[in-house]
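Here is a briefing on one predicted model. Please read it alongside the sequence and the coordinates.

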Amino acid sequence: MVLIDEGICLSGPADEPVWEPSFWIDRFPTTNAHYQSFVDATGHHPPQHWPDGTCPESLRDYPVVWVTWDDASAYARWAGKLLPTAQQWEKAARGSMGRTYPWGSAATAAKCNVQESGTGRLTPVDRYRSGVSPHGVHDLCGNVWEWCSTQTSGRRFVLKGSAFTSPFALAAPALLNDAAATMSDDDTGSRCVLGA
């Protein structure tokens, strides 16, 4: 995990200045290997893309997908952590100076796994090292949408970061997106936080 210091940060499409207490955030999205430990320990149902309910060795360092908000929350509780709020996630991605992207202001699709990158599939969580945030957090743009704890309405929750299936235009961390808690897809995962 990476410590994000307390302080004012810019949040949302309007760059509203907000105060965020310090917190820890996972350096990488939750991987299949981490999620396998959770499934083994709790008997929680595995993601649908694991043959016979077991993570293939070749996917261990890839982000877990096909998880609903409830699955992601259950994993976080088991790990003794929480899903990040949208504001925490955004601060980890944009830094205290409110960068447009984790790496800066340049709209560079090559620094993350989005449609324009041309991979057409998930990649290992540490592949895009030039796209790391100022705090040293990886994969905050592209690869997988990440569930947050922030509720928008009813049983809908914020998703951040965009995915390999998304156009680069959706990758900016300040953008808002949400989905029903029951939604699961091949491009949706999560990461966790912990209070400092």
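Asp15 sits in the loop between β2 (7–11) and β3 (16–20). Its phi is positive, about 50°, although Asp15 is not a glycine. Asp15 is partly exposed, because its relative accessibility is 34%, and the cut-offs are under 20% for buried and over 50% for exposed. Asp15 is also one of the residues that Arg94 touches.

**Other positive phi values**

- Asp139 also has a positive phi, near 60°, in a residue other than glycine.
- Asp139 lies in the loop between α3 and β5.
- Asp139 is buried, because its relative accessibility is 4% and the limit is under 20%.
- Gly43 follows α1 and has a positive phi near 80°.

**Helix α3 and Arg94**

- α3 is mostly covered, with eight of its nine residues buried.
- The buried residues are Ala86, Gln88, Trp89, Glu90, Lys91, Ala92, Ala93 and Arg94.
- Arg94 belongs to this helix, which spans residues 86–94.
- Arg94 counts as buried because its relative accessible area is 3%, against a limit of under 20%.
- What does the side chain of Arg94 join in a polar contact of 2.7 Å? The partner is the side chain of Glu90.
- The Arg94 side chain also reaches the backbone oxygen of Arg99, at 2.7 Å.
- Beyond four places in sequence, Arg94 touches Leu10, Ser11, Gly12, Asp15, Arg99, Pro134, Pro173 and Ala174.

- His135 is found in the loop between α3 and β5.
- His135 is partly exposed, with a relative accessible area of 25%.
- Leaving aside neighbours within four places in sequence, His135 contacts Val2, Ile4, Lys91, Ala92, Gly95 and Ser96.
- Among these contacts, Lys91 and Ala92 are buried residues of α3.
- The C-alpha atoms of His135 and Pro56 are 31 Å apart, and 79 residues separate the two along the chain.

**Helices α1 and α2**

- In α1, the buried residues are Asn32, Ala33, Tyr35, Gln36, Phe38 and Val39.
- α2 is part of what covers the buried residues of α1.
- α2 is mostly covered, with seven of its ten residues buried.
- Those buried in α2 are Trp69, Asp71, Ala72, Ser73, Ala74, Tyr75 and Ala76.
- The cover over the buried residues of α2 includes α1, β5 and β6.
- Where α2 starts, a side-chain oxygen of Thr68 comes to within 3.3 Å of the backbone nitrogen of Asp70.

**Nonpolar cores**

- In soluble globular proteins, nonpolar side chains tend to be buried together.
- How many residues does the largest nonpolar core have? The count is 21.
- Tyr35, Phe38, Trp50, Trp69, Leu83 and Trp147 have the most contacts inside this core.
- The elements that give two or more residues to the core are α1 (32–42), α2 (69–78), β5 (145–153) and β6 (156–160).
- α2 gives the most, with five residues.
- A second, separate core has 13 residues, including Phe23, Trp89, Ala93 and Leu140.
- Of these, Trp89 and Ala93 are among the buried residues of α3.

**Largest pocket**

- The largest pocket has a volume of about 160 Å³.
- Which of its 13 lining residues are closest to the centre? They are Asp26, Phe28, Pro29, His34 and Lys81.
- The lining divides into six nonpolar, three polar and four charged residues.

Notes:
Residues are numbered from 1 along each chain as its sequence is written. This is a predicted model: local features need pLDDT of at least 70, side-chain atom pairs count only at pLDDT 80 or more; totals for chains, interfaces and linings use all residues. Side-chain values use heavy atoms; hydrogens and water are left out. A nonpolar core is a set of buried Ala, Val, Leu, Ile, Met, Phe, Trp, Tyr and Cys residues joined through side-chain atoms within 4.5 Å. Buried means under 20% relative accessible area, exposed over 50%, partly exposed in between (1.4 Å probe, protein chains only). Helices (H or I, at least four residues) and strands (E, at least two) are DSSP runs, numbered from the N terminus. On a 1 Å grid over the protein atoms alone, a cavity is a set of points where a 1.4 Å probe fits but cannot get out, and a pocket is an open set with protein on both sides within 12 Å along at least five of seven lines; lining residues have an atom within 4 Å of a point. Grid points are joined across faces, edges and corners, and a volume is the space filled by probe spheres set on the points. Ala, Val, Leu, Ile, Met, Phe, Trp, Tyr, Cys and Pro count as nonpolar, Asp, Glu, Lys and Arg as charged, and the others, Gly among them, as polar. A polar contact is a pair of N or O atoms within 3.5 Å; within protein, one must be able to donate a hydrogen and the other to accept it, and residues adjacent in sequence count only if both atoms are side-chain atoms. Contact means heavy atoms within 4.5 Å.
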